[in-house]
Amino acid sequence: MTKPSLPDLLHAAVSAVGGTERPGQVAMAEAVGEAIDDNSHRLIQAGTGTGKSLGYLVPALAHGERVVVATATLALQRQLVERDLPRTVEALHPQLRRRPQFAMLKGRSNYLCLHRLHEGAPQDEEEGLFDQFEAATPTSKLGKDLLRLRDWADETETGDRDDLTPGVSDKAWAQISVSSRECLGATKCAYGAECFAEAARERAKLADVVVTNHALLAIDAIEGAPVLPQHEVLIVDEAHELVSRVTGVATGELTPGQVNRAVKRAAKLVDEKSADSLQTASESFERVMELALPGRLEEIPEDLGYALMALRDAARNVISAIGSTRDKSVHDEDAVRKQALAAVDNIHTVAERITNGSEYDVVWYERHDRFGATLRVAPLSVSGLLREKLFEDRSVVLTSATLKLGGDFNGVAASLGLSPEGVEGDDVPVWKGLDVGSPFDYPKQGILYVAKHLATPGREGTRGDMMDELAELIEAAGGRTLGLFSSMRGAKAAAEELRGRLDNPILLQGEETLGELIKAFAADPKTCLFGTLSLWQGVDVPGPSCQLVVMDRIPFPRPDDPLMSARQKSVEEHGGNGFMAVAATHAALLMAQGAGRLVRASGDRGVVAVLDPRLATARYGSFLRATLPDFWYTTDRNQARRSLAAIDAGAQAEGK
């Protein structure tokens, strides 16, 4: 029997989901199929509306070997597992003559732990979750959440936190979940046979397609112990997010509160001398942290160095002591010991990493009004790690609507540890880039307006001219505005100012859940929605409710961001342009994502307005503009207003 062709399979899948086949989607599917057949690597930019999920799922399912798909957002994971994969498998089954299996796999802490639920959390929890005389009567929100979780545990088939609606707070979830370090292991746990996390891993081992997230992919790469099942092909969707997610997983932190909790957990399990030395080290660390000022530590101050060495050595002694103790008077001893070990081991690992002082790490203090100071350590770059761990022994396809920065793929490729396209060598993963375009006619559907006449934004102070400009644009658009701000302070200031000036309702991120805000924004065309980072990337509102996307300024990283400034400095020390490689690249990715909020469907029309003249006047402006969709470009404020008014009038005439 002849093997079904990729175009035929794609046609069947697209028909099954009620979609329209796009030339870009066909080109993408063929490129993914080639990469899988050649065991090679691809970077594929697929604009909004391409149908990229099917563009990679169809060749992946046709391949027949196991494929891992890693995404950044929960929304896309759910879409793949609940909608795209079931329909695609059903559509391809007659031609493939097999029914590929698929499964979702997340980190262990995303699943309810039956041991923790039934045996209780072996730790110094706050008193008063439940009334001690009437255990079934919760006396707090946390108590109510825990009762609901207990009921849910009897009904759920997956134990997956994301299947619980409505959700519960992180604090409540922490009472009934464990990290991989805290887990007893299926063979030692009384509930091992029923474990939800183990069941998810078993389903993944049997599946042809495993859908996971960037964080689990990073853990799999960093920790050495395989978390994901063996696979031939890795597809990374939303790949523009990968570097920041991997950096997050590779970042360690220490806080006085975290160290204190570890001391309390370990004290029950070790001799007095070991417990006292960890307690003393904890107190000296806390004293140092009380005086900590936010910012990067290019050298570790002497007092912090001594405190960290004391913590490291005391933690090492406690780990040895915990390993050799047995105390039957401690309830659920194995779980208590495992949790204490995990807490103390984390302190030892981070303290040792910082005291070793690798030139490839960045160390800094952060300070929070409510939680006090945190000591953090993160890798200067994850490119070497990704080159070594990601591209060996499998074919890798990375895709996103935003991978070409300034007109080529090399900037993103460098952050992933890849050499420029076409460079070959013994240890150099070879890759090809492909931009399959977008089905949208950007020059006809959208305008990029740069307010060249405004003053250059400074670091502080309100921008009166910007507020005037914003108010006039919103009035011309009749509302319909998504305001993307580079800081929460800027978003709040604009919302407060314009609520006093305009009749349009203005929603502000943080005043309600993001889902509720987006729903309200989509429901009323007169409404505006203002916010910061998650809005730049997470809003999908096709149609007339979003016809003006405003960016208050170019979203460069803050000059005092310790990690970004360290990365910029490192590039400069190696002879590169640190500003372009780090700050401009960061801004270009965000701006491309933000501008992508405007045109989500073939009938959408509108304006992206950037209220920062540097996009028109600065040398790097052309690099940033080359990263944005190919909208018609103007700096004429009257043209922008006329266009918005015409689009608004058209939408009103259609009754929208």
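The mean positions of the 73 positive and 94 negative charges of the protein sit 2 Å apart. For this count, Lys and Arg are positive and Asp and Glu negative, with His and the chain ends not counted; each charge is placed at NZ of Lys, CZ of Arg, CG of Asp or CD of Glu. This is a predicted model, in which local features need pLDDT of at least 70 and side-chain atom pairs count only at pLDDT 80 or more, while totals for chains, interfaces and linings use all residues. Residues are numbered from 1 along each chain as its sequence is written, and side-chain values use heavy atoms, with hydrogens and water left out.

As for overall build, the protein has 26 helices and 18 strands (DSSP runs numbered from the N terminus, H or I of at least four residues for helices, E of at least two for strands). A compact globule of 656 residues would have a radius of gyration near 26 Å, and the 27 Å found for the protein agrees with that; the radius is taken over C-alpha atoms, and the globule rule is 2.2 Å times the number of residues to the power 0.38. Along the principal axes, the C-alpha trace spans about 75 × 70 × 60 Å.

Of the 656 residues, 51% are buried (under 20% relative accessible area, with exposed over 50% and partly exposed in between, using a 1.4 Å probe and protein chains only). The accessible surface comes to about 30300 Å², and carbon and sulfur atoms hold 49% of that; areas come from the Shrake-Rupley method with a 1.4 Å probe, and for residues only the protein chains shown count as cover. Among contacts (heavy atoms within 4.5 Å) with a separation of 6 or more, 76% link residues 24 or more positions apart.

Four strands form an open sheet in the order 6-9-8-7, with antiparallel pairing. Strand 6 (252-254) and strand 7 (295-296) are at the edges with a single partner strand each, so one side of each has no neighbour in the sheet. Pairing here requires that DSSP finds at least two bridges between two strands. Strand 7 pairs with strand 8 (residues 361-368) in the antiparallel sense over 2 bridges, and G295 has Y365 of strand 8 as its bridge partner.

Helix 8 (residues 196-206) has F196, A197, E198, A200 and A204 as its buried residues. Their cover includes strand 3 (102-104) and strand 4 (209-213), along with helix 5 (114-119) and helix 6 (141-155). The loop between helix 6 and helix 7 (170-175) holds P166, and the peptide bond from T165 to P166 is cis, with omega near -10°.

Two residues other than glycine turn up with positive phi. E238 has phi near 50° and belongs to the loop between strand 5 (233-236) and helix 10 (242-249). With a relative accessible area of 14%, E238 is buried. D393 has phi near 65° and is found in the loop between helix 15 and strand 10 (395-400); D393 is exposed, at a relative accessible area of 74%. Helix 15 (residues 383-390) itself contains E388, which is partly exposed at 45% relative accessible area. The C-alpha atoms of E388 and L624 are separated by 30 Å, with the two residues 236 apart along the chain.
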